Amino acid sequence: MANETKVKVVTADPSALGLFGLAMITLVASSQKLGLTSSVSLVIPWAIFLGATAQLLASINDFKHNNTFGATAFGGYAFFWYAVGFTWLIQNGVFGPELAASADTTQLGFAYLGYLIFTLFMTIGAMETHKVLFVIFVLIDCLFIGLTLTSFGVMEHLTHQFAGYSELLLSIVSFYGSAAAVLNTHFEREFLPVGKPFGIFKK
């Protein structure tokens with residue numbers, strides 16, 4: 001029988017990059033929702049490259065870590081931002097005025113509702129990661145509640161503002177989470193605390 005050699009390939013934790021991408025796009029996008037900036041024309045590149053591509057790279061590398069939770073989370077939100085970027089391109093007439101004119105934003109409400117359902121069960125999973133990540137998922141829940149209600153025409157101004165502030169807070173906490181992932185690994189100690197898992201579902 002031939003000798004078998006097993007080679008372990010070590011890959012770095014991709015969560016820092018994924019959280020940085022999330023932090024950047026939510027910072028830029030929230031500025032538009034809160035009226036600090038106007039139009040989404042210059043939000044689109046950040047949606048595609050930071051919100052989508054950075055998180056997709058994190059997802060692919062989390063699959064290599066056999067991390068189903070992280071891979072699914074980063075991958076799911078990466079494709080969300082790709083879809084949002086293309087939605088904004090359609091609304092801005094990039095694919096023709098006919099497509100832009102026939103857009104029904106209520107369809108976005110159903111998409112946001114689907115992502116709210118996704119985020120709710122991912123929030124349960126986040127309880128057994130660390131508390132910073134749990135807060136991030138709670139804020140994503142708030143963001144999708146606001147986006148869903150806005151798209152369905154429910155108290156549009158109030159829910160739009162709720163979505164904007166939730167997104168801004170999400171950006172701030174995601175920056176912290178990204179910094180903790182980088183610096184805690186780099187210094188090989190808990191430089192920035194992230195909080196222990198709740199320990200409800202896993203011992």
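S31 lies in helix α1 (residues 15–33). Helices here are DSSP runs of H or I of at least four residues, numbered from the N terminus. The model is predicted: local features need pLDDT of at least 70, side-chain atom pairs count only at pLDDT 80 or more, and totals for chains, interfaces and linings use all residues. Residues are numbered from 1 along each chain as its sequence is written, and side-chain values use heavy atoms, with hydrogens and water left out.

S31 is buried, at a relative accessible area of 14%. Buried denotes under 20% relative accessible area, with a 1.4 Å probe and protein chains only. A polar atom of the S31 side chain lies 2.5 Å from the backbone oxygen of V28. The side chains of S31 and T37 form a polar contact of 3.0 Å. Such a contact is a pair of N or O atoms within 3.5 Å; within protein, one must be able to donate a hydrogen and the other to accept it, and residues adjacent in sequence count only if both atoms are side-chain atoms. With residues up to four places away in sequence left out, S31 touches L36 and T37. Contact requires heavy atoms within 4.5 Å.

Helix α6 (residues 131–151) has 21 residues. Its first and last C-alpha atoms are 30 Å apart, close to the expected 30 Å. The expected span is 1.5 Å times one less than the number of residues. Of the 21 residues of α6, 15 are buried, so the helix is largely enclosed by the rest of the structure. G153 follows α6 with a positive phi, near 75 degrees.

Helix α7 (residues 156–186) has 31 residues. Its end C-alpha atoms lie 44 Å apart, which agrees with the 45 Å it should span. Just after α7, E188 has a positive phi of about 55 degrees.

Notes:
Helices (H or I, at least four residues) and strands (E, at least two) are DSSP runs, numbered from the N terminus. Buried means under 20% relative accessible area, exposed over 50%, partly exposed in between (1.4 Å probe, protein chains only).
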